[in-house]
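Student: I would like to go through this structure with you, residue by residue. Could we start as soon as it is on the screen?

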Amino acid sequence: MNVGRGLVAATFLLTIPACAPDPDRVRLAETTQATYDPKTGRLQRLTYDANKNGRIDTWTYMDGKTILRSEIDRDEDGRIDRWEYHAADGTVERVRMEEDGDGDGKPDKWETYIAGKISSVEFDENADGRPDRRLNYSSGGTLITIESEPDQSGKFTRKVDVK
């Protein structure tokens with residue numbers, strides 16, 4: 001008799017987790033939200049909780065199923081600090097990324113991609129909103145040149161080959 005009660009109790013306890021909501025599923029349902037164009041019904045924006053803490057920190061802008069760009073607030077201070085731009089052909093391939101590393105609301109790092117691989121990275125080191133240094137990479141991802149000392153037009157005047 002005790003064995004039967006124990007078996008019933010064990011079976012009951014094993015079924016409780018199956019009935020209880022999965023916390024990750026609940027978080028996803030609360031933070032993954034879709035916005036659609038009221039006229040066309042096409043998907044315009046998706047939100048997401050990338051760091052899984054229950055708060056939306058990523059907004060991806062869409063044209064139907066085509067990803068256009070993503071805006072990310074990694075430090076969750078209410079200001080976007082990373083912008084990612086995607087290929088116009090509808091692939092998820094990132095073509096450009098901008099980042100606000102110093103939190104002033106303006107990009108100070110720019111990455112460019114070709115065929116999904118890093119092509120160059122530019123840095124604004126004096127907070128004037130313009131790149132002061134650029135690292136250029138080969139198609140294989142190897143650093144090949146460093147450019148610096150931009151003139152008034154933004155053209156880099158100093159180039160160092162890295163070998």
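Student: Which side chain of opposite charge is nearest to Asp73, and how far away is it?

Tutor: The nearest one is Arg79, at 7.6 Å. Asp73 is buried yet has no salt bridge. Buried means under 20% relative accessible area, exposed over 50%, and partly exposed in between, with a 1.4 Å probe and protein chains only. A salt bridge needs a side-chain nitrogen of Lys or Arg within 4 Å of a carboxyl oxygen of Asp or Glu. For charge, Lys and Arg count as positive and Asp and Glu as negative, while His and the chain ends are not counted.

Student: What should I know about the model and the numbering?

Tutor: This is a predicted model, in which local features need pLDDT of at least 70 and side-chain atom pairs count only at pLDDT 80 or more, whereas totals for chains, interfaces and linings use all residues. Residues are numbered from 1 along each chain as its sequence is written, and side-chain values use heavy atoms, with hydrogens and water left out.

Student: Where does Asp73 lie, and what does it touch?

Tutor: Asp73 lies in the loop between strand 4 (66-72) and strand 5 (82-86). Helices (H or I, at least four residues) and strands (E, at least two) are DSSP runs, numbered from the N terminus. Not counting residues up to four places away in sequence, Asp73 touches Asp57, Trp59, Gly78, Arg79, Ile80 and Asp81; contact means heavy atoms within 4.5 Å.

Student: How many helices and strands are there in the protein chain?

Tutor: The protein chain has 2 helices and 11 strands, and along the sequence the pattern is α-α-β-β-β-β-β-β-β-β-β-β-β. Buried residues make up 26% of its 163 residues.

Student: Turning to Arg27, is it buried or exposed?

Tutor: Arg27 counts as buried because its relative accessibility is 10%. Arg27 is found in helix 2 (residues 23-31), and its side chain makes a polar contact with the side chain of Asp24 at 2.6 Å. A polar contact is a pair of N or O atoms within 3.5 Å; within protein, one must be able to donate a hydrogen and the other to accept it, and residues adjacent in sequence count only if both atoms are side-chain atoms.

Student: Which residues is Arg27 in contact with, leaving aside neighbours within four places in sequence?

Tutor: Those are Asp49, Lys52, Asn53 and Gly54.

Student: And which ring does Arg69 lie over?

Tutor: Arg69 lies over the face of Tyr61, at 4.1 Å from the ring centre. Likewise, Arg133 lies over the face of Phe123, at 4.6 Å from the ring centre. The rule requires NZ of Lys or CZ of Arg within 6 Å of the ring centre and within 35 degrees of the ring normal.

Student: Where is Met62, and why does it count as buried?

Tutor: Met62 is found in strand 3 (residues 58-63). Met62 is buried because its relative accessible area is 11%. Beyond its neighbours within four places, Met62 is in contact with Leu43, Gln44, Arg45, Ile67 and Leu68.

Student: What about Val162, towards which residues does it make contact?

Tutor: Leaving aside neighbours within four places in sequence, Val162 is in contact with Leu143, Ile144, Thr145 and Ile146. Val162 is in the segment after strand 11 (156-161) and counts as partly exposed, at 30% relative accessibility.
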